[in-house]
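Please look through the sequence and the model below before reading on.

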Amino acid sequence: MLPESYWLALKEVAEREGSSPSELIREAVAAYVAERRPKAEPSFVGAGESGRGDVSRLAEELLEED
Amino acid sequence: MPAMVSGGAVYALLDASDGNHAGAAAAVRELEGPLVLVAPVLTDAMRLAARYLGQALALRLLEATLEGELLLQPLERRDLQEARRLMSLGGALSASAALTLAAAERLGVRDVLVVEPATRRAVERLGLRLWPAEDGCT
């Protein structure tokens, strides 16, 4: 439930923009979700370069060497 | 959709020169969901990163986990029990991989991003969805 002050402000914005409060709420929720969703590609992707091509494939064997 | 991820796959994402990097990165873009991992996988990936890329990049994985780019899933007793069962089947499945697959089953996560050959075979045996679909190993 929105506080009345928010609701009135929302109605005012909607009228000014020729929209509706429900449409603005949908847009706001979509923007909120989009912003908070995990990025499609994490920031660390491609951050390093070992010069070797086989580390991930041999990961289990390499870890056993320790 | 969420996907469980193995230590090798996390490393492949990090290392641009790794033979599985392109395939793993493409899979992540297609999945568009959180990458879920268990603690042993994070430590495996960090150990590989520290050895082949340096400590700073190992810490980058820890930072990514703290930031929620990698979602750390706590293990439960039943995961350990299922991992024991999976490892008893043979196939050279590592403890980290077995715990990952056990957690995937418990969480209902059907997609698994993995590049290690033994684990890929186990994923196929369990009927889970394998990412990358093609083995891009060099």
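Among the contacts in chain B between residues at least 6 apart in sequence, 67% join residues at least 24 apart, where two residues are in contact if their C-beta atoms, placed from the backbone, lie within 7 Å. This is a predicted model, in which local features need pLDDT of at least 70 and side-chain atom pairs count only at pLDDT 80 or more, while totals for chains, interfaces and linings use all residues. Residues are numbered from 1 along each chain as its sequence is written, and chains are lettered from A and ligands numbered from 1 in the order in which they are written.

The two chains can be set side by side in a table. Helices (H or I, at least four residues) and strands (E, at least two) are DSSP runs, numbered from the N terminus; a residue is buried if 20 or more other C-beta atoms lie within 10 Å of its own, exposed if 12 or fewer, and partly exposed in between, with C-beta atoms placed from the backbone.

| Chain | Helices and strands | Buried residues |
|---|---|---|
| Chain B | seven helices, five strands | 50% of the 138 residues |

Read along the sequence, chain A follows the pattern α-α-α, whereas chain B follows β-α-α-β-α-α-β-α-α-β-α-β. The C-alpha atoms of chain B fill a box of roughly 35 × 30 × 25 Å, taken along the principal axes.

Where the chains touch, the contact takes 24 residues from chain A and 40 residues from chain B. On the side of chain A that touches chain B there are 10 nonpolar, seven polar and seven charged residues; here Ala, Val, Leu, Ile, Met, Phe, Trp, Tyr, Cys and Pro count as nonpolar, Asp, Glu, Lys and Arg as charged, and the others, Gly among them, as polar.

How do two helices of chain B pack? The axes of helix α3 (residues 39–52) of chain B and helix α4 (residues 55–66) of chain B come within 7 Å and cross at roughly 155°, the axes being lines fitted to C-alpha atoms over the stretch in contact, with angles running from 0 to 180 degrees between N-to-C directions. α3(B) and α4(B) are therefore roughly antiparallel to each other, a term for angles over 145 degrees. In this contact, B:Leu42, B:Ala45, B:Met46, B:Ala49 and B:Ala50 in α3(B) meet B:Gln55, B:Leu57, B:Ala58, B:Leu61, B:Leu62 and B:Thr65 in α4(B). These residues divide into nine nonpolar, two polar and no charged.

Key: Angles under 35 degrees count as roughly parallel, over 145 as roughly antiparallel, 65 to 115 as roughly perpendicular and the rest as oblique.
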